[in-house]
Amino acid sequence: MSALLERLRTRPEFGAGAVRFAASSEAMERRHDDAVRELATCIKPAPGPEPILQEGGIYFGCWLESTGTINAELLSRFRPDVAADTFLGFARHQREDGLFPYKLTKDGAAFSQIQTVTPLARSVWTHYQLNGRDQNFLAKMYSAMSRNDAWVARWRDTRGTGAVEAFCAYDTGHDLSARFWHVPDSPKGNDPKQFDLSSPILPFIAPDLTANVACQRRYLARMAEELGEDGAPWHAKAEASERALWAQCFDEADGFFYDRDRNDRYVRVRGDVLLRVLACEIGDAAFFAGALERYLLNTAKFFAKYPFTSLSLDDPRFDPAFDYNSWCGPTNFLTLIRAAHAFEHHGRHTELSWVMQPTLTALFRASRFPQTLNPFTGSAGFTESYSPSILCLLDFVERLSGIQPRPDGSLWFTGLTPAQIEHRDETHETAYGRSVDGARLELVNAEGRARAWRNGEMLFDVPQGLRVVTARDGTVTGLIGLRATPVTGTVRIDGQEIPVAIAANEVWQRRGGEFVRVEAPGLTAPRS
């Protein structure tokens, strides 16, 4: 263990948090280094002078559905300066009538569709909480997002349902998905206010767009209150959006959300829309558990060897082709980085690890950072130097084996290591470093234990398979179980030795000299 810790201290630092990573596997270290290096190639000015995050690969620009939301949200932990300018870019280039550009390029802002997935307000709020709570930044983004919300409400509810409508495939970024067969890629006349009136099925009442607005409004309520305004109107609007979502798009028999076409029929294509809705914090813990059981962890639906497929595996339209931009089957890295919030929102940390492990396996053996994976083999698919997959590696390594700052002000030290899921079994060891508030934090996962230090002084020594929750000063406040079977052993903190037995997803709070269980959401096993 000491050799690995010493190696960590010689490794190059990355980003504002001086992140460092070392491993017993040279391939893991090399690919982490590749990710850091290639991320830098995705940061450049467009269209203003400020460097912002670009999508990468063949995508020359910054897209609202991805680069400007979930990608920038992850980047906030590593390059908060670039993340802030990426968010602000959409406010700077907002149209006079309130519409956000769907992308920013060196040639300017583009407005021909709305292309919306991850709620921008959630990403902005996360960045705000992680990075010093800059109210000037928050006020600018709040004002811009409020105006964009008004634009969407005015122009994307032609049927008066209170939901949000898709006019084309590009509105949701679902290129080539069977969801939008016989629907144009772009709006009529490339005008986001128009759809093809001759279409027998448009407009679609879209569950992911409606869920996005519901979630967006909840976070706008938080921002209003943070800025000294009344959040109640936003809460009311959010509730109305969610009611419309359930009323218009949810099929109770299937337990699934579908588009509703102009004939009031469901568009029965089961795709990653479910995960998108769940990542918008829709549904309670019981609903999420049901979605895990029936769909997300079902190997006949979305839980391929390298999850999650973009279309259900048992859909006759499923196509695993991964060598082009497709949302009709292959595993997309945007789905993977969007998924974490849905799982963690409901305390399903163990199940999320079953998604991260095969994904990291695929990324560690790949020679590039693609948009897609073959869901059966994990082979790298379309394009390269793609920022969502680059950030996926950096994010998943930190969530699985590293030190992760959290929006609530806590830190997560996670005692798992990347698993060897292909060919012969091999045990790996990792070390991770990050600076927080000027203090050097280090975590080593080795010899069946997870041990951490702050400025060279030991914080804790626990069995692997646990996540240790601390305050920013390193004070241990809780433990979370991450293995399918209970983690038993001795926790060593502040000179104390405390026996523990912690089951999957259980949350234990530290109270005085003991830990007390406060949450036990259970575990959902994969099914076929």
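A salt bridge, as the term is used here, is a side-chain nitrogen of Lys or Arg within 4 Å of a carboxyl oxygen of Asp or Glu. The structure under discussion is a predicted model, in which local features need pLDDT of at least 70, side-chain atom pairs count only at pLDDT 80 or more, and totals for chains, interfaces and linings use all residues. Residues are numbered from 1 along each chain as its sequence is written, and side-chain values use heavy atoms, with hydrogens and water left out.

I begin with the charged pairs. Side chains of opposite charge can pair when their charged atoms come close. The model holds 48 salt bridges. In one of them, Glu442 pairs with Arg9, and the closest N and O atoms are 2.8 Å apart. This pair links distant parts of the chain: Glu442 belongs to strand β18 (residues 439–446) and Arg9 to helix α1 (residues 2–10), 433 residues apart. Helices (H or I, at least four residues) and strands (E, at least two) are DSSP runs, numbered from the N terminus. For accessibility, buried means under 20% relative accessible area, exposed over 50%, and partly exposed in between, with a 1.4 Å probe and protein chains only. Glu442 counts as buried because its relative accessibility is 0%, whereas Arg9, at 34%, counts as partly exposed.

A second salt bridge joins Asp34 and Arg37, with the closest N and O atoms 3.0 Å apart. Both residues lie in helix α2 (residues 26–41), three residues apart, about one turn of the helix. Asp34 is buried at 13% relative accessible area, and Arg37 is partly exposed at 48%.

Arg92 lies in helix α4 (residues 80–92) and Glu50 in the loop between β2 (43–45) and β3 (51–53), so the pair ties together parts that are 42 residues apart in sequence. Arg92 has 42% relative accessibility and counts as partly exposed; Glu50, at 26%, also counts as partly exposed. Elsewhere, salt bridges that share partners join Arg77, Glu344, Asp395, Glu398, Arg399, Arg406 and Arg434 into one network.

On a 1 Å grid over the protein atoms alone, a cavity is a set of points where a 1.4 Å probe fits but cannot get out, and a pocket is an open set with protein on both sides within 12 Å along at least five of seven lines; lining residues have an atom within 4 Å of a point. Grid points are joined across faces, edges and corners, and a volume is the space filled by probe spheres set on the points.

The largest pocket has a volume of about 900 Å³. It is lined by 38 residues, of which Glu344, Arg406, Pro407, Asp408 and Trp412 are the closest to its centre. Elements that give two or more residues to this lining include α3 (67–75), α7 (207–226) and α11 (333–345).

The largest cavity holds about 230 Å³. Among its 19 lining residues, Thr116, Asn148, Val152, Asn212 and Gln216 are the closest to the centre. Helices α6 (135–155) and α7 are the elements that give two or more residues to the lining of this cavity.
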